[in-house]
Amino acid sequence: MSEKNQALLDAIVALGPTPPLAQLDALSKRMRAELTDDDGDDGAADPARVAGPSADEVWARWNQARRGAEAALLLAEPDPVAAAVAAGRPDVVARVGTDAALAAALEQAAAHVALPYYKTNSGWLSAVAALATTPARRSQALAFLGPALRGLVEARLAGGELINSVALGGLARALAVLAAPETADVLAQTLDFCIGKKCHYEAKQQAGTVAIALAATGRADGDAAMQAFLERWADTYAGHRFVMEVRYAAWLRAGDGAGARAFLADPANTRGLAFVAAAVADLDDKASAAVLQARRPTLRNPVAEEAFDEALTRLRDQAGPPPQEARMIWMFGVRSPTEVALGHESDDQLLARARARLGRPGLGRVYEADDTGPAEQ
């Protein structure tokens with residue numbers, strides 16, 4: 001059965017990264033006739049499918065090829081920016097790379113920040129950061145991103161509706177990419193907001209992204225806010241992704257490899273260890289290699305296993321802490337649990353590795369914004 005799936009996957013790959021849409025459409029008809037569906041993959045390996053790709057894997061590769069084909073067509077348009085905006089493709093706008101592209105991305109980003117969270121495409125915020133490639137463009141981007149984030153928080157504090165958590169996270173991620181010291185104050189204000197009663201759970205989940213952006217600024221403005229957040233929520237949400245991201249950021253800001261190493265060595269800490277592995281790797285804490293090796297055989301979560309292996313490789317090969325843009329933390333992706341629950345595919349590279357290694361395309365699939373997960377994630 002899986003031989004048909006493998007033949008379909010081979011046919012998709014053979015078309016190349018930007019195949020003509022006509023070829024993909026023809027192949028799509030063949031897929032509907034021949035594709036062997038899986039059982040909804042509940043995370044358990046199915047021996048009948050181990051020898052070949054699942055339907056999910058084939059469709060994911062087909063969708064990737066189709067997006068590549070669409071991007072090629074959009075870029076070939078007389079006005080690729082307008083065409084990409086009409087198609088809702090911020091990634092293509094970012095590839096255009098012109099001043100006009102930034103202007104369009106800023107316009108779309110502002111519109112999406114004002115939408116309900118379930119209609120917000122945070123890709124437009126990422127596009128703004130990606131297009132900030134000159135001092136003038138960087139100034140334009142920051143002049144939008146910082147005030148937009150402050151506006152979301154202040155509107156909620158003034159008694160407004162629940163904050164748009166997708167926009168909040170997207171703005172923080174864009175600011176993390178730009179790593180601008182002058183944004184430390186608004187990021188610290190946002191992290192303080194995430195501690196309070198007016199911050200609902202989905203918005204609180206973005207606290208880790210905000211903390212990582214704070215750490216990237218290199219400023220001490222948010223250190224107190226990070227500690228206050230952990231004092232308030234670390235026990236209630238022990239091991240949750242957003243708490244571990246705040247821990248990661250606090251360790252990075254303090255250069256506290258010993259603290260991260262001690263957390264890793266404590267057998268009572270059984271959740272969120274993948275983020276601790278990222279912390280010791282990004283601090284280049286060589287002494288942590290022995291602790292990682294000692295705990296590696298005890299792990300039960302495939303993503304944690306991938307994270308430990310990646311951290312060990314980095315600690316072996318690095319000559320010092322990696323630059324901000326090359327840190328291991330970015331391997332966990334930028335899409336929030338809310339966005340994944342809304343139907344966006346996870347961009348977590350470590351999760352992708354675990355899925356490929358185990359042949360479990362449903363591993364880590366999120367259906368609700370609550371990111372509670374199994375031990376040792």
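Reader: Which residues are buried in H12?

Author: This is a predicted model, in which local features need pLDDT of at least 70, side-chain atom pairs count only at pLDDT 80 or more, and totals for chains, interfaces and linings use all residues. Residues are numbered from 1 along each chain as its sequence is written, and side-chain values use heavy atoms, with hydrogens and water left out. Helices are DSSP runs (H or I, at least four residues) numbered from the N terminus, and buried means under 20% relative accessible area, exposed over 50% and partly exposed in between, with a 1.4 Å probe and protein chains only. Helix H12, residues 207-217, has 11 of its 11 residues buried, and these are Ala-207, Gly-208, Thr-209, Val-210, Ala-211, Ile-212, Ala-213, Leu-214, Ala-215, Ala-216 and Thr-217.

Reader: Which helices are included in what covers the buried residues of H12?

Author: Contact here means heavy atoms within 4.5 Å. On that basis, the cover of the buried residues of H12 includes helices H9 (165-178), H10 (184-193), H11 (201-204), H13 (223-233) and H14 (241-254).

Reader: How many Å apart in space are Ala-105 and Val-128, C-alpha to C-alpha?

Author: Ala-105 belongs to helix H6, residues 99-113, and it counts as buried because its relative accessibility is 0%. Leaving aside neighbours within four places in sequence, Ala-105 is in contact with Val-93, Trp-124, Ala-127, Val-128 and Leu-131. Although Ala-105 and Val-128 are 23 residues apart in sequence, their C-alpha to C-alpha separation in space is 5.7 Å.

Reader: Are H16 and H18 roughly parallel or roughly antiparallel to each other?

Author: Axes are lines fitted to C-alpha atoms, for helices over the stretch in contact, and angles run from 0 to 180 degrees between N-to-C directions. Helix H16 (residues 273-282) and helix H18 (residues 302-317) pack at an angle of about 10 degrees, with their axes 8 Å apart. Angles under 35 degrees count as roughly parallel, over 145 as roughly antiparallel, 65 to 115 as roughly perpendicular and the rest as oblique. The two helices, H16 and H18, are therefore roughly parallel.

Reader: Is Asp-284 buried or exposed?

Author: Asp-284 lies in the loop between H16 and helix H17 (288-295), and its phi is near 55 degrees, a positive value in a residue other than glycine. Because its relative accessible area is 12%, Asp-284 is buried.
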